[in-house]
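Subject: Structure handover

Hello,

I am passing on the structure we spoke about. Please find it below, followed by notes on what was found in it.

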Amino acid sequence: MRGHQQEDTLIGALGIASTLGNLGRYGEIKSFLPKNISAARSSLGVENSTTLQLTNAYARALADGGASLHDLREAVTTFEDIKETSNRVLGMDHPLSCEIQGNLERARKKGRHPGRKPKLSDDQRREIRDVVRSGKRTEAEAARLFGVHRSTISRVMREASDAAA
């Protein structure tokens, strides 16, 4: 297929991707859209709005589908690329450009995890509280056992007593 027929087929693919997204079936979108994006780029060009919409839907699936850090990075990079193209071709105020900008901002926020990763899991915290309260271990022994500073154990115990109050 060439020309308008090809574009109609790709618009149909966009509709399928939209439906899959509404159903939360992001994995299927991630496997389904790359071939369609490639076809759109080769037949319609990278600046075509259908191509931009397909690429936007793919990046959104990467960002929303229980995204791994790798998927989030790919989504952000993809949104940045198509945002530049969309702004240049369609204008910054075009609805698609605004949607891409919003998707980019949401993907960037998802990739941020402020603060340090906790040294102790919830299960470890629970175990520490149990062994210290039962008297099986002192706070110092629990600290050595879990490989953390004694002040961390004290904080776990204090948080537990604050939560109980």
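**Helix packing and cores**

Helices α3 and α5 pack at an angle of about 20°, and their axes are 10 Å apart. Because angles under 35 degrees count as roughly parallel, α3 is roughly parallel to α5. Their crossing is left-handed. On the α3 side the contact is made by Ser49, Leu52, Gln53, Asn56, Arg60, Ala63 and Asp64, and on the α5 side by Leu96, Glu99, Ile100, Asn103, Ala107 and Lys110. By class, the residues of this contact are five nonpolar, four polar and four charged. Please keep in mind throughout that this is a predicted model.

Helix α5 also packs against α4, here at an angle of about 155° with the axes 9 Å apart. Angles over 145 degrees count as roughly antiparallel, so α4 is roughly antiparallel to α5. The crossing of α4 and α5 is left-handed. From α4, the residues in contact include Leu72, Val76, Phe79 and Glu80. From α5, they include Leu96, Ile100, Leu104 and Ala107. The contact of α4 with α5 has eight nonpolar, five polar and four charged residues.

**The two cores**

The largest nonpolar core has 26 residues. Within this core, Ile29, Leu33, Leu54, Ala63 and Phe79 have the most contacts. Two or more residues each come from α1 (3-22), α2 (26-43), α3 (49-64), α4 (69-89) and α5 (95-110). The largest contribution is from α3, which gives eight residues.

Leaving aside residues up to four places away in sequence, Ala63 touches Leu72, Ala75, Phe79, Ala107 and Lys110. Of these, Leu72 and Phe79 are among the α4 residues that contact α5, while Ala107 and Lys110 are among the α5 residues that contact α3.

**Helices α6 and α7**

Helices α6 and α7 pack at an angle of about 150°, with 10 Å between their axes. Since the angle is over 145 degrees, α6 is roughly antiparallel to α7. Their crossing is right-handed. The contact is formed by Gln124, Glu127, Ile128 and Val132 of α6 together with Glu139, Ala142 and Phe146 of α7. These residues divide into four nonpolar, one polar and two charged.

**Two single residues**

Asp130 sits in helix α6 (residues 122-134). Asp130 and Cys98 are 32 residues apart in sequence, and their C-alpha atoms are 52 Å apart in space.

Arg137 is found in the loop between α6 and α7 (139-146). With a relative accessibility of 37%, Arg137 also counts as partly exposed. Setting aside residues up to four places away in sequence, Arg137 touches Val131, Val132, Ala142 and Leu145. Arg137 and Asp122 are 15 residues apart along the chain, with 19 Å between their C-alpha atoms.

Regards

Key: Residues are numbered from 1 along each chain as its sequence is written. This is a predicted model: local features need pLDDT of at least 70, side-chain atom pairs count only at pLDDT 80 or more; totals for chains, interfaces and linings use all residues. Side-chain values use heavy atoms; hydrogens and water are left out. A nonpolar core is a set of buried Ala, Val, Leu, Ile, Met, Phe, Trp, Tyr and Cys residues joined through side-chain atoms within 4.5 Å. Buried means under 20% relative accessible area, exposed over 50%, partly exposed in between (1.4 Å probe, protein chains only). Helices (H or I, at least four residues) and strands (E, at least two) are DSSP runs, numbered from the N terminus. Contact means heavy atoms within 4.5 Å. Axes are lines fitted to C-alpha atoms, for helices over the stretch in contact, and angles run from 0 to 180 degrees between N-to-C directions. Angles under 35 degrees count as roughly parallel, over 145 as roughly antiparallel, 65 to 115 as roughly perpendicular and the rest as oblique. A crossing is left-handed if the near helix is turned anticlockwise from the far one by less than a right angle, and right-handed if clockwise. Ala, Val, Leu, Ile, Met, Phe, Trp, Tyr, Cys and Pro count as nonpolar, Asp, Glu, Lys and Arg as charged, and the others, Gly among them, as polar.
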